[in-house]
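Subject: Structure handover

Hello,

Here is the structure you will be working with. Please open it first and keep it beside you as you read.

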Amino acid sequence: MLAFALGVVLLRNPVSCAMSLVMSFVALAAVFITLDAYFIAVVQVLVYAGAVMVLFLFIIMLLDLREEKRRRVRLSAWVGGGLVVGGFLAALIQVISALPALKVTKPLVSHPLANDVAQVGFALFRNFNLPFQIIGVLLLVSTVGVVLLSKKELK
Amino acid sequence: MPTLAHYLIVSGILFSIGLGGVLLRRNILIIFMGLELMLNAANLSLVAFSRFNLLADGMPNYNAQVLVFFIITVAAAEVAVGLAIIVALFRAKQTTHVEDLNTLKF
């Protein structure tokens, strides 16, 4: 998963970047399955590896993006970016490895093959019914916004 | 056996790769893919916390998974809107390089 994620950042051709992003998402879904989150894994494959990647590839095709020209790389930008990312990662790993409360192994679930989808559905429709409907409105608004944005000229 | 700290470190590395992509790449589509990687890293840590903090009846904490579901939904909406903006930008400027978009530069 991490290798494919690195491929997204390092590869030069946008189509290869999108393909390694797909593989990274699928590998992340596999990690979700090892964490007994079957519903989230399936949604991850459907939404990200399916819908989002089709959208990305469609836009790459629409804009007819070619392989990037080798531009003059500004060394200061790479050094600054690398410092920020490396510093963030070092601080994070230091904090995580310093906390003893995080060094727990996976506790056993009481029903390993319990109905995962039903449990998520109960939580979604009983405890989180209002946010669920707000999400529906958000999707509608974004659909309208996309149609408005991609019209040729606004009246 | 992997511990919770291992999952969190993997999530942090994934987030850093996404952050590096956002900071270092000059193509606006690749910047967008970096954003997606960062959202996925957050999802991974939420699912790990849900699995490692069991409820009293020994089931995973499903509230976290509902939150992950909401994040995935919002990310899908965000991708749609963002790509529409990129298409509109490409129509206006004929480029996807962020260095060519310097109208606001002082």
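This is a predicted model: local features need pLDDT of at least 70, side-chain atom pairs count only at pLDDT 80 or more; totals for chains, interfaces and linings use all residues.

Residues are numbered from 1 along each chain as its sequence is written, while chains are lettered from A and ligands numbered from 1 in the order in which they are written.

Chain A

Chain A has 6 helices and 0 strands. Helices (H or I, at least four residues) and strands (E, at least two) are DSSP runs, numbered from the N terminus. Of the 155 residues in chain A, 19% count as buried. A residue is buried if 20 or more other C-beta atoms lie within 10 Å of its own, exposed if 12 or fewer, and partly exposed in between, with C-beta atoms placed from the backbone.

The 21 residues of α2(A) should span 30 Å at 1.5 Å a residue, and the end C-alpha atoms are 31 Å apart, which agrees. The expected span is 1.5 Å times one less than the number of residues. Buried residues of α2(A) include A:Leu21, A:Phe25 and A:Phe32. The cover over the buried residues of α2(A) includes α1 and α3 of chain A, together with α2 of chain B. After α2(A) comes A:Asp36, with a positive phi near 60 degrees.

α3(A) has a kink of about 30 degrees centred on A:Met53; the bend at a residue is the angle between axes fitted to the seven residues ending there and the seven starting there. Among the buried residues of α3(A) are A:Ile40, A:Tyr48 and A:Phe56. The buried residues of α3(A) pack against α2 and α5 of chain A and against α2 and α3 of chain B.

Where the chains meet

In all, 59 residues of chain B are in contact with 62 residues of chain A. Two residues are in contact if their C-beta atoms, placed from the backbone, lie within 7 Å. On the side of chain B that touches chain A, α3(B) gives the largest share, 22 residues. By class, that side has 41 nonpolar, 14 polar and 4 charged residues. Ala, Val, Leu, Ile, Met, Phe, Trp, Tyr, Cys and Pro count as nonpolar, Asp, Glu, Lys and Arg as charged, and the others, Gly among them, as polar.

The largest nonpolar core has 49 residues, and those with the most contacts inside it are A:Phe32, A:Ile40, B:Met33, B:Leu44 and B:Val47. Such a core is a set of buried Ala, Val, Leu, Ile, Met, Phe, Trp, Tyr and Cys residues joined through C-beta atoms within 7 Å. The largest share of this core, 10 residues, comes from α2(B). Leaving out residues up to four places away in sequence, B:Val47 touches residues including A:Phe32, A:Ile40 and B:Val68.

One residue of chain B

B:Ser50 sits in helix α2 of chain B. B:Ser50 counts as buried because it has 24 C-beta neighbours inside 10 Å. B:Ser50 and B:Gln65 are 15 residues apart in sequence and 7.0 Å apart in space, C-alpha to C-alpha.

Regards
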